[in-house]
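Dear colleague,

I am passing on the structure we spoke about, together with some notes on what I found in it. Please have it open beside this message as you read.

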Amino acid sequence: MEMEAYIKGTSVISAQPTFNTTDFLTEIVETDAKYLNCIEPSYKEFLNPIMARRMARIIKMSIAASTTCMKDAGIEQPDAIITGTALGCLEDTEKFLLAIIENDEQFLTPTSFIQSTHNTVGAQIALQLKCMNYNFTYVHKGFSFESTLIDALMLIAEGEAKNILVGAHDEMRDKYYRVCDRIGYWKKEAVSTMQLINSASSGSIAGEGASFFVLAAEKGANDYAKLRGVRTFYKPESETDIENKLTTFLAEKKLKPEDIDVVVYGFNGDNRFDPIYHKLKNNFFKNSSSAYFKHLCGEYQTAAGFGMWTAANIIKTQTVPAAILIDQAKHKAIKNVLIYNTFLGTDHSAYLLSAC
Amino acid sequence: MSSKIYITGLGIISAIGNNVAESLDALSNSRSGVHKLRHLRTRHQDTIPVGEIDLSDAQLIERCGLPPDFKTTRTALLGLLAAREAATQAAISPRDGLRTGIISATSVGGMGTTENLWLDYLNPEKSGDWLKYIETHECGDSTEFIADELGFKDYVSTISTACSSSANSIMYGARLIKHGLLDRVIVGGTDALSRFTINGFMTLMILDTQNCKPFDAERKGLNLGEGAGFLVIESEQAAKNKKVLAELSGYGNANDAYHQTASSPEGAGAYLAMEKAFKISGLKPTDIDYINAHGTGTAINDLSEGTALERMFNKKLPPISSTKPFTGHTLAACGGIEAVFAVLAIQNNMVFPSLNYVNPMPELSFAPTTEIQKDKVIDHVLSNSFGFGGNTSALIFSRHN
Amino acid sequence: MNELIDQLKGEIIEQLNLEDIKKEDIKNDAPLFGEGLGLDSIDALELIVLLEKNYGIKIANPADGKKIFQSVGTMAQFIQDNKK
């Protein structure tokens, strides 16, 4: 059975003004900050104070994004809730850890421990909605979000769900930023986000975000796009290996590289990992338009959520905004969009989206 | 869509044994592994009994066949030992042309290491080889370590839904096979003890200062444990000509949606998960020969789970036990560990005892079995795993005919 | 006693992160759990830590909390009766 689904609703909180707006990246934030923090909405309309008082930032962001996403999709109850996060609730984890160290394991309080568990967001959404349906959380680095999508596609193919809420969320906190800095994740020098793709040094810029989608079994009137498939490649052997895998993936959907109108790449300015994107852009997908997104959302394990939001909107609006287009556009109509992303060069993924 | 899921390998390490044979011996002889802490240093080490594996990190590294200065976490090492045992029994190789995945689960991840090095990580004046441990913090790291060591990399992922995590790994892996995305999957989970977890559970005040007694009216809470449990599951085609240990015949996941940590009094989520598992398996509650309960020994879980079980089985339960008095509550690993126990129950026609049980709960009409039973054919086993966040999962294992 | 009650209200607001609540909003005898402030079992655990950290009183059994935390008044009385 074809494992495909319609993207019926989206909502993204990111470092760009993407939340609760129909504007598609015409207004963008350019900065050379060390890391990109999300532009957060007021949470009062999404959370009552009794609920909100315990919630760390990333949970509030995810509730706001998931609520608006379901509104966008026009659904009240999802048939499943699946979330992906590599780091879980970093703020609460750091808080509890520091409390243990500073108080020598005494006078510790439960709230930050409870909230630090990785499935807290999925659980809080279910609690808010009183949703007793299937509820999973994936926590695998650069495959966290991809795993949620593959799971959702399987559920739809099984006939177990008609509308599934899937989400990717990860936050960046100052301490964790500094820790990752010590092993070379980030740029040492200040780099403007709009110059990131041209950066010739190692490291990227850190980001965070909450990206939610409703995937539907049935076509609707206002769908963004069709999600045709997601493939993950763990430690691919070579460029040829990647191209072979992409060829197989596209062939399963009766497509060839030249059928892809726009490729959305995960360029992140890190000269250790960007070469694969250059190679694909110049060879395998040389006939396609090219776009990129991580200069807008920053690098983090589930940044592909922002990438999927970007791809879905490219199809819906039939435009590739100037802020994300690389070189000249080569496409005419936009029917097929492929996302190619890697996290740290070990976790690679490809997503295929098509117009409905 | 391949409809049957065959189990061809088992792997386990926990406080009752370093492999399947040792575990079976302990279960058969009612030998609990719950004791005072011997390796992990914590302020609470004399307060709470735990199911700690009696091997230091250095000894685990040696058992894994790694160089002594290899930098990885206890969670990863436990996972490798169990996953390797399962893969060896199933006689699978990365070079035999079949698509093989690894789906693991963990709640601790590398926190057992991070908690010791966190201040050093943040101190720019301190540096050293130990910076390599930073990358081991994330949950997915232990899975990739296992994948790299065993050589299977067609698909890797990690699940974290608290105490139902590895039951969910098994479910996800099975579905990947049924949809033809993989031929076989190594599925399960791993969690090592850490001060983070011990202190976290202390703040919830649900730890027993004695050995836990699930389903007992005087129960005081749970004992924490550590370990790893993995299965190799294969499609019918992939498992041709192989010895099949048992089948995964049913599975279900639901959410209690009641409270962040406490289960609903009537166990609504638990009931739904079991109901789904029965639907997938085509079996009825009367077909079940043994229930391996989640049975943590907390006031809330045992009442909630017990209530749901009475409703599901119409108050006529088959033999039931919790094996957590043996191993402690191994958190994300318990689904995988208890899956191994379920298969052992089928292979050996055994029901394992629920240790430390004395006083019946007034709210429930059933009592868990306190003696090992060897006189009944065990064809079908129900295994429950329920986690924080209301995550409820049920698996059904069946004899392969 | 009134001083203790006032101090306690401030500590409760801080410990439980009750951002929108002021001391005047909490009546001495109003129920803290269920209705009233609508606190739950996790808050009860937080209050147990508050008693230990700020007043040196240890509660071993969380079930005892139900009676002690009925209202700010009962909490203050308990502290007065048990303070070392």
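In chain B, β4(B) and β5(B) run antiparallel and are joined by eight bridges. Please keep in mind throughout that this is a predicted model. Within that pairing, B:Thr190 stands opposite B:Ala228 of β5(B). Strand β5(B) also pairs with strand β1 (residues 5-14) of chain B, again in an antiparallel manner, here through nine bridges, and in this second pairing B:Ile12 stands opposite B:Gly229.

How many of the residues of strand β5 are buried? Nine of the nine residues of this strand, which spans residues 227-235 of chain B, are buried, so the strand is largely enclosed by the rest of the structure. The burial applies to both faces: B:Gly227, B:Gly229, B:Leu231, B:Ile233 and B:Ser235 point one way, B:Ala228, B:Phe230, B:Val232 and B:Glu234 point the other way, and all are buried.

Leaving aside residues up to four places away in sequence, B:Leu231 touches B:Ile7, B:Gly9, B:Leu10, B:Ala86, B:Ile170, B:Val187, B:Gly188, B:Ala339 and B:Val340. B:Leu231 also belongs to the largest nonpolar core, which has 267 residues, and it is listed with A:Ile164, A:Leu215, B:Ile233, B:Val343 and B:Ala345 as having the most contacts inside that core. Domain 1 (5-216) and domain 2 (227-354) of chain A both contribute residues to this core, so the core lies between them.

**An enclosed helix in chain B**

Helix α5 of chain B, which covers residues 139-150, has ten of its twelve residues buried, so this helix too is largely enclosed by the rest of the structure. The buried residues of α5(B) are B:Cys139, B:Gly140, B:Asp141, B:Ser142, B:Thr143, B:Glu144, B:Phe145, B:Ile146, B:Ala147 and B:Leu150. Their cover includes β6 of chain A, together with α3 (74-90), β2 (100-105), β3 (155-159) and β4 (184-191) of chain B. Just after α5(B), B:Gly151 takes a positive phi of about 85 degrees.

**Chain B as a whole**

Chain B contains eleven helices and ten strands, and 66% of its 401 residues count as buried. Its radius of gyration is 20 Å, which agrees with the value near 21 Å that a compact globule of 401 residues would have. Taken along the principal axes, the C-alpha atoms of chain B fill a box of roughly 65 × 50 × 40 Å. Of the contacts in chain B with a separation of 6 or more, 80% are accounted for by residues 24 or more positions apart.

The contact between chains A and B takes 47 residues from chain A and 49 residues from chain B. On the side of chain A that touches chain B, the elements giving two or more residues are α3 (90-102), α4 (110-115), α5 (120-129), β3 (134-138), α6 (144-157), α7 (174-181) and β6 (225-234) of chain A. By class, the residues on this side of chain A divide into 26 nonpolar, twelve polar and nine charged.

Within chain A, the domain assignment gives domain 1 (5-216) and domain 2 (227-354), and the C-alpha centres of these two domains of chain A lie 22 Å apart. The contact between them takes 47 residues from domain 1 of chain A and 35 residues from domain 2 of chain A. On the domain 1 side, the elements giving two or more residues are β1 (5-13), α6, β4 (163-170) and β5 (209-216) of chain A, and α6(A) gives the most, with five residues. This side of domain 1 has 25 nonpolar, 18 polar and four charged residues.

**Chain C**

Chain C has four helices and zero strands. Its radius of gyration is 12 Å, close to the 12 Å that the globule rule gives for 84 residues, so chain C is as compact as a globular protein of that length. The C-alpha atoms of chain C fill a box of roughly 30 × 25 × 20 Å along the principal axes, and 27% of its 84 residues count as buried. Among contacts in chain C between residues at least 6 apart in sequence, 56% join residues at least 24 apart.

The contact between chains C and A takes twelve residues from chain C and nine residues from chain A. On the side of chain C that touches chain A, the residues divide into five nonpolar, two polar and five charged.

With best wishes

Terms used: Residues numbered from 1 in each chain as written. Chains lettered and ligands numbered in written order. Predicted model: local features only at pLDDT ≥ 70, side-chain atom pairs only at ≥ 80, totals over all residues. Rg over C-alpha atoms; globule rule 2.2 N^0.38 Å. Buried ≥ 20, exposed ≤ 12 C-beta atoms within 10 Å, placed from the backbone. Contact = placed C-beta atoms within 7 Å. Nonpolar A, V, L, I, M, F, W, Y, C, P; charged D, E, K, R; others polar. Core = buried A, V, L, I, M, F, W, Y, C linked by C-beta atoms within 7 Å. Domains from an automatic or database assignment. Pairing = 2+ DSSP bridges.
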